[in-house]
Structures are given as structure tokens and as C-alpha cells.
Amino acid sequence: MSSPNVAEDKAARRARLATDRLREARLELPEIDTASYATEGLTQGEVDVRVQLRLTNAVSSSSSRSIVSILRANLFTLFNAVVGGSFIILLILGQWRDAIFGVIVIANIGIGVVQEFRSKRTLDRLALISAPLARVRRDGTTLEVATDQVVLDELLVLRTGDQVPADATIVSSEGLDLDESLLTGESDPVLKNVGDEVLSGSSVVAGFGLARVTLVGPESYASRITLEAKRFSLVSSELRNALARLIKWISWALIPLVIIVTNGQMQNVGGWQAAWESGLWLEATVRSVASIISMIPQGLVLITSIAFAVAAVKLARRQVLVQELPAVEGLARVDVVCFDKTGTLTEGSIEFNDVHSLVPESEAHSWSRALAWFGADENANATALALAQHFSAHAPVTAVASTPFSSARKWSAVQDDAQTTWILGAPEMVLESGADDVRDLCRERAELGLRTLVLASSPGTIKDEQLPKKIRAVAILTFGEKVRGDARETIEYFLSQGLKLKVISGDNPRTVAAVARTAGLTFDGHGFDARELPEDLDELASVLQSHDIFGRVTPEQKKLMVIALQSRGHVVAMTGDGVNDALALKRADLGIAMGSGSAATKAVSRLVLLDGSFSSLPGVVAEGRRVIANVERVSRLFLTKTAWAMVLAIVFGVMLWAFPFLPRQLSANDLFTIGLPAFALALLPNARRYQPGFLKRALSFCIPTGVLIGALVVGLDAVQKSFQTFTVAQTQTSVSMFLALAGMWVLVTLSRPFNRWRFLIVAAMYLGFAVVFLVPASQDFFGFVWLDGSLLWVTLAFGFVGVLAIEFTDRIVQRIMFGPRKHWGPERTSRH
């Protein structure tokens, strides 16, 4: 299995080779007929040459994780190697009844692969539906082609609503305004003139233009910025990391233990040579596997996967796509959430805020009709369109002449049939000298982060796109970005849970601050300008500790801000929708993409809000809390067994005693003391807040309890040997019964305080054990026998001592770990 670093080096190397190949291929291109290019574009022959040289916009990318990466992440684990290896050994030896535990390996792999493949398929469908076409001119004809069929030097035809498929240079422009927010986070349109560069991923919001493609495929800006983001890495997960550490520790411990156990079992049947000659090596091998398997908390890995999968299914019903199962717990552990603004906190559209009249009330009807016309104009830009709903009740003026909006002029105008010219535009472009009072009013509103326009009138007419004389300001209009309807509610929830919130955007800091206030955040100042951020990571972390709102942030700075927060011990979630967010989403502990975002952003995120609804996030927190708290609860069952199994492996291996139970008997024990109750308990509701250090809390109980249970098993086996009258089957049944009694009491301790469901779970497990030990068919399958009076009483006596030891250990550990009257456990801890 390749390490993540090796995979990253391969990806970078492939991209570098592709770029070098494109540069070499350019040298082979013939000259273009520049005289006809501006009107005709490339000829089909010139396109074919570029296709042969592979100078196309095709790029090796995907909308989601590959099937290979999903299989690799779920198949090649240390857990699968140890447990799967033991499973295969027993199958080869023909001991299928003792290989029941192998089902856990298969189920664990299946759950992870199926759930993550379903997420991949959903994202692939979204990418297919939103796959854009490019409009190009070839041989004088305008065509629509797939974006990957665009070639170098292609003449792009850009109209309102188009997305630029590759980096290009403007050849012709008629008021061409581009929205580059997906790349830069800047929400204001940018006017493009002849000779200006346009970047792949930009969108045309107004005007018309032609552009010559200069960079394609992996050389384009969008491809370069997403290369790092698309490298696969596992999501940060305390549960998975803790389990991985456990499996690693246990695996290292198994190296000497396997030798001790195997040698002990072989010596118990007469030594290696005698065991081979007599055929008893098979029995000794089965016992050795029983010892090895008992030391691995295999069910804990499966239960965790099931808990993750169930949570993922629940979240899918709420339109939250979980791309990697452990991401379910992510938001429950997060203590800092970083929000992008454009397209995340906001819907990416402009909404009308307010109007302030500067003329007598008697004139309001006239200017309202003018605003109605601007809102209904078919060439209106996004800001003017925001007027439509508010002024639609007024009949628009009858237009005699009009001038469309331009980013260069920053105004538009209409002349009505009463020979009045109405101008709507930026105050600095519309107002004449001497209108200082109006400028001050506009400045006050602009400082609040609102987009401010002035409506003015004039008796003159517009000639050659020049403003007329005698302009009089009529009204001041303010606009803001439309904040998502559920943003305030979600932010209030996060704040109530003690999370720190940061808003990070490429837009103007004052605009960012205004949106943040509208969304429910309270803070001092007008936002921090990221152009003044320090480059030193520690200094950057200090700034982030004292400020929450940031504007003019570049994609690289977003990533560094996440790293700086993590360097101070924070667990960081990042939300975003554009390519400019991809690097930060990738670096965050939990990346959350909006369903309307770019394909690259959704591909690298861990969670995708398919419907863009922020109100889904509290549900994600609840599911994460349930998973973490319940897995912590049931981990005591599994890890206690691991502890006593290691004690038995060492003692029985060194003493050369026969291992006191068969793998199938261990499976029966696991089923009722661990497997079934753990499965049921892991799915119950649990709202306990996340508390770090689950492994330490679990081991503080499991190690001493496991050692005591292991010591009692050794004592029980020694007592049985002293009688020298019991059969192997009786000894195995006795030890299995004792382990059942001890395991059930561990279940009782972690189920307290009882409610109806926990009581029913525990009662059902006791009933299940009665069936296993008393029903003849079950006895025959598992190898259990009836115990005579003396052995039964000895077993029950040891069971009673075990119960007392478990109860005593539980209380002592609680007192040491949490102090007097503070009890371990999800509900009990939450009270303190």
C-alpha cells in the first residue's frame, strides 16, 4: 500500500510531466493566420493538429475519490491483516466452525466500501449533470463543445452566464464583466478589456467578448490550484486514530505473544515433533488462533464502522453526503468553524436593502417608477435586478432611450417620455462637485459594508455615453449580499455550543463584516484586511486569536490560516464552495462543501451539503456526538476482553497449559457479552458533548479489570487441574461460563443508569446465554457440556468474586480519574 506522501509525489510528478509535454508540443505548432483569426477562429485543420499534439483542455481529474482509493483505504489495514490472516489459516485447516470471526472482517470491509462508493456515485452524478459546455468559433461558425475538447489558441465566445473553460486573453470586449469569486472569493464583477487575462473557472455576468486560449489542461489556473487539493488523505478521526494505535500496540505485542502461545500449545501436546507426528498440531494451532483472536478488539472496529454507516445514512436523508465514514464524528470534535462568505454564508446573489429619499415625498412616485424600469430592464445587472421585487408594484417609466450598465462607467441610464433622464450608479461616478452632503451619507452606508448607489435625475440627455449636466441626486439605495435563510439559526447554535467562528473571504473586509453581522455574529471593528496579515505562522495564529472577520484573503492565506489555528491545538472545520476554498477545505480537520460549489471543492471535502442548507449542520453535530459517546461506552466491553486475553496468552504460554476454550466458544461469548449489546448500545441516542481523551478513560477501566478477570481465569483453571477429574470439555465450559458472568457484569456497569432500552438489552443477553449453555443443539455446536455440582459451584463462586472485583475496580477508577461522586459514563459525565 502506497503512503499518502508517495501518492502525492506521484500526482505532482504526473502534473509536471503533463505541463512539460504541453510546452514541448507548442514548439511544433504552425503559425496562425492572425488576419482572419479574430473573425474566423481556428480552422478545423488547426484544431486537428492541436488534438494530435494533445494540446487540449483534457485534464486527469475526478469529481470524487476513485474506486481504487476507496478499496485501498478499507482493505489494506493492520486489523484486516491480523484478523484476516488468522481467518484464512483456519479455513485452510478446514476448521470452518472456529473461523466464524472472519465474518467481522468481511462485514467491516463491506460497510466501508459500500457506503463510500455510494457517496462517490452521488458526486459523480452531480458532476455529470453540471458538466459545462464551451462556446467556440471555428471556421467562422460558433459551436458548443465539451470543455475538454477546447484546444490551445481556441477562440472562445463569451456571453452572459458562460463559464470560462481555460485561461485566455481577451481579443474583443463589449462591456465584458467577469465574476471571479470561485477563484478569488471577490464577489464584485471585474471589467475585462482587450489584452486582459481571464482565468478558467470565472463566469461572465454581463457583456460580450472573444478570448484566445493561452493555457489548457494542467497548466490552467483552476487545475494548478486544485492539484494539491485533489491529493487523497484520510480525514482526522479520534476514534479511528485511537483504534489504529490500539491495533498497532496489540500487533507489536502479538509478535512475542504468538511465539509464546504457539510454543506453549505445541509443548502441551508433547512438543513440536510429537505434535507433528501425532497430528495434534492441528488442535494446538486452533488453540493458538483462539488465543490470538481473543486479544484483538475486532468487534470494536466493526461496531465503529456500523455506527458511522448508520449516521451517514441518517445524514443522507437530510441531504448531507458523507464521503468518508469517520467524517461523521468530525463536527462533534470541532472547536473552530471557518466560514467562507460568498456562496456559503450568502447565496451569492444581491438583495435590496433600503432606499433613502433626498427629495420631497411628492416626487417619490416618479423616482419609484424609474427604479421599477431599472429592475425590469432585460439588460439589468445583478444589482439592478434586485430592485425588481421591491418596486414591481410601480409602473415603469416609458423609455425613449437608455444606456446599459458598464463596469467602466459604473452607471446606467434611461430617458423617459417626459424628457427626464434617470441615472443609477456609483456615487463617485454620478454625483457632481458640491454634493458633499450626499457623498457623506453614501460614505456612512458604505462603511457599514453595504453596496451604495445613487439615483439621480437630469433634464439633459446622454450623448456618446457621457453624463448630462444639471444632475440632481434623488435617492440613495443600499444593497447587500443575500444571507442564507438558515445561516443565523445555525450560527446561533454553534455559538451556544461554545464554538469559535471565523469568517474568511476574498471580498472587501467591510462587506464581509456586514454579512457576518446580518448572519448573527457580533464583533468590534470592520473586519481585518488580510493584506496586512503576517507571514510568520505563530504571529498569524495570534492575529486569528484576536480577530474573527477577515477580507481580501487569498486561497493560500486561507490554507495558512487553517494551519495556524491547528498549530494552537484547535480542531478546525472549513466551509466553502469555490476553487479558492479547496486548499483550506483540504487542510482543515473537516471540510464541508456546498452542493452548488465547484466540482473540485466537493471532491476534496468530507461532507457535502447537497441542498446547501446550513440547518443540516446541527444534525451532523448530534450524529457525531452519538457515535463518539456510544463507541466510547461499548469500547469498555472490547478492551476489557483484550486485556484478559493477553494475560491468558502470557500465563498459559509460559506455563505450557492448554488454552482453556475454543475459538467458537470465544465467538459465542463475544456474541452475547460484547457483539450484540455493543451493536444495540452504539445505535441508541446520546447527546453528550465531546470530551477528548476517550482512549485514556477507557483503558483506565479496562486494563485493571481485564487483569483481574485474567487472574481469576488462571485461578479457576488451576483449581480444575488440582481435581484432575474434569474432562477438557468440562474445563472449557466452566471457563466460558465464568467469562460470560464477568463479561455480563462489565455490560451492566456501562449500561447504568438503566433506562427501558438498556434494561431490555441486558436482560436479552442473559436470556441468550441461557439458551447457548442449556439448549442441546447449541451445546453440541459450541462444544459445551453439563457441569456436575462441584464444578458448577466452583464456577459460580469465581463468577461472584469476578463481579465484586469488577464493581470495586469501576468505583476506584472513577474516584481516581474523576474525583469523588463523579462517575464515568456519557449521561453521568454530562451532569458535571
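Here is a short tour of a sheet, the helix lying across it, and a pair of helices.

Keep in mind that this is a predicted model, where local features need pLDDT of at least 70, side-chain atom pairs count only at pLDDT 80 or more, and totals for chains, interfaces and linings use all residues. Residues are numbered from 1 along each chain as its sequence is written, and side-chain values use heavy atoms, leaving out hydrogens and water.

The open sheet has six strands, ordered E10-E15-E14-E13-E12-E11, with antiparallel pairing. (Helices, H or I with at least four residues, and strands, E with at least two, are DSSP runs numbered from the N terminus; two strands pair if DSSP finds at least two bridges between them.)

Now pick E14 (residues 451–458) and E15 (residues 472–483), an antiparallel pair joined over seven bridges. Which residue in E15 does Leu-455 stand opposite? Look for Ala-475.

(Axes are lines fitted to C-alpha atoms, for helices over the stretch in contact, with angles from 0 to 180 degrees between N-to-C directions; contact means heavy atoms within 4.5 Å.)

**Stop three: two helices.** Jump to H27 (residues 663–682) and H29 (residues 728–751), whose axes come within 9 Å and cross at roughly 10°. Show side chains: Phe-672 and Leu-681 are among the H27 residues that meet H29, where the partners include Leu-739 and Met-744.
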